Amino acid sequence: MRFYDVDSGSIQVEHTDIRKITRKSLRESYGMVLQETWLKAGTIRENLIMGKPNATEQEVIEAAKAAHAHSFIKRLPQGYDTVIGEEGGSLSTGQKQLLCIARVMLCLPPMLILDEATSSIDTRTEMKIQNAFAKMMKGRTSFIVAHRLSTIQQADIILVMKEGHILEQGNHEELLAQKGFYSELYNSQFAI
């Protein structure tokens, strides 16, 4: 996203070096859901439409439903018009994360960054969100940072990192077959 420019080699988007793309334009091509949620003071609706200010009411509701946020939003005192503070007011960490997921599902940018995007969500909701993410990621370049391996099993390429170094690379099946660090992590998380 050009917070830092590369000092050797290049990163390209659609065959164009990102240093030739304005930061604003490049960043408009990304949607991010991070472990640390970011909400602004305002209504739930205002927080959801940040990436798509002209969204219709129906689009907002459909995105919230896809993120499994609609039901808790409807239970808030003023629903989508409930005002929250910058820290999300009385919303739980998981609810704040669902709002951030709904925000990205509303604008559907060509590239996604999901950094521990389901870390504060219960396991049952995570499974539903994973299905929604799978639909959302079709045809999009997606960068997923995760410790929960269930989050990345369907990835085309998995980079296994430890202490800032890439240890292994491949898809889920290839990495399991290597019987290396990824396999050990997987077996420790999913051992019966």
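Leu-185 is found in helix α8, where helices (H or I, at least four residues) and strands (E, at least two) are DSSP runs numbered from the N terminus. The model is a predicted one, in which local features need pLDDT of at least 70, side-chain atom pairs count only at pLDDT 80 or more, and totals for chains, interfaces and linings use all residues. Residues are numbered from 1 along each chain as its sequence is written, and side-chain values use heavy atoms, with hydrogens and water left out.

Leu-185 is partly exposed, with a relative accessible area of 29%; buried means under 20%, exposed over 50% and partly exposed in between (1.4 Å probe, protein chains only). In helix α8 (residues 181-190), the buried residues are Tyr-182, Ser-183 and Tyr-186. Seen down the axis of α8, these residues fall within an arc of 95°, so they line one face of the helix; the arc is that of the directions from the helix axis to the C-beta atoms. The face turned away from this buried side carries the exposed Glu-184 and Ser-188.

The axes of α5 (residues 93-107) and α6 (residues 123-137) come within 12 Å and cross at roughly 15°; axes are lines fitted to C-alpha atoms, for helices over the stretch in contact, and angles run from 0 to 180 degrees between N-to-C directions.
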